[in-house]
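Please go through the predicted model shown here.

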Amino acid sequence: EIAGENGVTVAVENHANNLIDSADSIKWLMEFRSAENMQIALAPYHLESLGVDAKGFGKLIEQLGNTIAIYYAWQHGMGCMTKLPKKQELLQMPGRGDLDFTPTIAALKKIRFRGFTEIFMHPVPRGIPILPTAGETTAEINRARTHLEGILKNV
């Protein structure tokens, strides 16, 4: 209530092995929330590891509608818990792994999503940059952004 009174949105991430981790638990949280400023920070990575596919993401986004505050443009790839060669770690980024972001982007467009989108991945160990230099990291994020923008133009 205090957050809402101060214009603050609380965005809860669906995180693996937590109370809010499955598609159903996300929908229940939004259905039974006590305030409009409680929203979702939607992380496909965690749902993908539970078996949700690209079409499932699109359907979930349409069901959640304007309750999504943040969308993490992040996919499972080969995971983020074990050190992998950089080429395999980067499979978490849009346009590199197997996840087709088209149904997701189409659903976000359909619900007129106006929240934040974060192009995201976890390198291993945590706390290191995606790539060794700021220039390389920026180029990789911009490559992923261009990939997502290309999808947006075509849906």
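The sections below describe the chain as a whole and then go into local features.

## Basis of the values

This is a predicted model, in which local features need pLDDT of at least 70 and side-chain atom pairs count only at pLDDT 80 or more, while totals for chains, interfaces and linings use all residues. Residues are numbered from 1 along each chain as its sequence is written, and side-chain values use heavy atoms, with hydrogens and water left out.

## Overall fold

The chain has 7 helices and 4 strands; helices (H or I, at least four residues) and strands (E, at least two) are DSSP runs, numbered from the N terminus. Their order from the N terminus is α-β-α-β-α-α-β-α-α-β-α. The chain is as compact as a globular protein of its length, because its radius of gyration of 16 Å is close to the 15 Å that the globule rule gives for 155 residues. That radius is taken over C-alpha atoms, and the rule is 2.2 Å times the number of residues to the power 0.38. The C-alpha trace spans about 45 × 35 × 30 Å along its principal axes.

Of the 155 residues, 39% are buried (buried means under 20% relative accessible area, exposed over 50%, partly exposed in between, with a 1.4 Å probe and protein chains only). Among contacts with a separation of 6 or more, 74% join residues 24 or more positions apart; contact means heavy atoms within 4.5 Å. The accessible surface comes to about 8,900 Å², and carbon and sulfur atoms hold 56% of this surface. The areas come from the Shrake-Rupley method with a 1.4 Å probe; for residues, only the protein chains shown count as cover.

## Backbone features

Most residues other than glycine have a negative phi, and most peptide bonds are trans. The peptide bond from Val124 to Pro125 is cis, with omega near 0°. Pro125 sits in the loop between β4 and α7.

Asn17 has a positive phi, near 60°, and belongs to the loop between β1 (10-13) and α2 (23-32). Its relative accessibility is 76%, so Asn17 counts as exposed. Arg112 also has a phi near 60°; this residue is in the loop between α6 and β4 and, at 64% relative accessibility, counts as exposed.

## A buried loop residue

Gln92 lies in the loop between α5 (86-89) and α6. With a relative accessible area of 0%, Gln92 is buried. Leaving out residues up to four places away in sequence, Gln92 touches residues including Tyr45, Trp74, His76, Cys80, Phe120 and His122.

## Pockets

A pocket is found on a 1 Å grid over the protein atoms alone, as an open set of points where a 1.4 Å probe fits, with protein on both sides within 12 Å along at least five of seven lines; lining residues have an atom within 4 Å of a point. Grid points are joined across faces, edges and corners, and a volume is the space filled by probe spheres set on the points.

The largest pocket holds about 300 Å³ of space. Its lining has 13 residues, with Ile105, Leu108, Thr117, Leu148 and Leu152 nearest the centre. Two or more lining residues come from each of α6 (102-110), β4 (116-119) and α7 (134-154), and α7 gives the most, with 4. The lining divides into 7 nonpolar, 1 polar and 5 charged residues. Here Ala, Val, Leu, Ile, Met, Phe, Trp, Tyr, Cys and Pro count as nonpolar, Asp, Glu, Lys and Arg as charged, and the others, Gly among them, as polar.

The second largest pocket has a volume of about 190 Å³. Its lining comprises 14 residues, and His15, Tyr45, His46, Met81 and Arg126 lie nearest its centre. In this lining, 7 residues are nonpolar, 5 polar and 2 charged.
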